[in-house]
Amino acid sequence: MERGGCIYILTNKNKTTLYVGVTSNLRSRIYDHKTHKHINSFSDRYNLEYCIYYEAYPTIADAIGREKEIKKWRRQKKIQLIERLNPSWNDLWEEIKNW
């Protein structure tokens, strides 16, 4: 049985940078970002600790396809996606950590 997947969007405290990622374990991956597990990675360098958007998919292949699609978008289109479900750009960690 194939494992599901998620795409997620991170930002920093000042909301100046967006990062789109994919994972098969959202809680673990967001925790890694929050604790800067991967030193000198893009998310570490830009302090991307706030998960402001995510989508779950039945397969990791579906999630990877969606990640590739969103990564091609301009910033404004990503902002529109985020603000449809999270207009205040709240960190969704409290929701995610209980998965």
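**Salt bridges in a predicted model**

The side chains of Lys71 and Glu67 meet in a salt bridge, with an N to O distance of 3.4 Å. The model is a predicted one, and six salt bridges are found in the structure.

**Exercise 1.** Determine where Lys71 and Glu67 lie in the structure, and whether each is buried, partly exposed or exposed.

*Solution.*
1. Both Lys71 and Glu67 belong to helix H3, which spans residues 60–71.
2. They stand four residues apart, about one turn of the helix.
3. Lys71 has a relative accessible area of 44% and is partly exposed.
4. Glu67 has a relative accessible area of 11%; because buried means under 20%, Glu67 is buried.
5. Elsewhere, salt bridges with shared partners join Glu55, Arg66 and Glu69 into one network.

**Exercise 2.** Verify that the contact between Asp32 and Arg29 meets the salt-bridge cut-off, and locate the pair.

*Solution.*
1. The N to O distance between the side chains is 3.9 Å.
2. The cut-off is 4 Å, so the pair qualifies as a salt bridge.
3. Asp32 and Arg29 are three residues apart in helix H1 (residues 26–34), so about one helical turn separates them.
4. Asp32 is buried, its relative accessible area being 13%.

**Exercise 3.** State which parts of the chain the pair Lys34 and Asp91 links.

*Solution.*
1. The side chains of Lys34 and Asp91 form a salt bridge at 2.8 Å, N to O.
2. Lys34 lies in helix H1, whereas Asp91 lies in the loop between helix H4 (75–85) and helix H5 (93–96).
3. The two residues are 57 residues apart, and the pair thus links distant parts of the chain.
4. Asp91 is partly exposed, at a relative accessible area of 28%.

Technical notes. Residues numbered from 1 in each chain as written. Predicted model: local features only at pLDDT ≥ 70, side-chain atom pairs only at ≥ 80, totals over all residues. Heavy atoms only, no water. Buried < 20%, exposed > 50% of the residue type's maximum accessible area, 1.4 Å probe, protein only.
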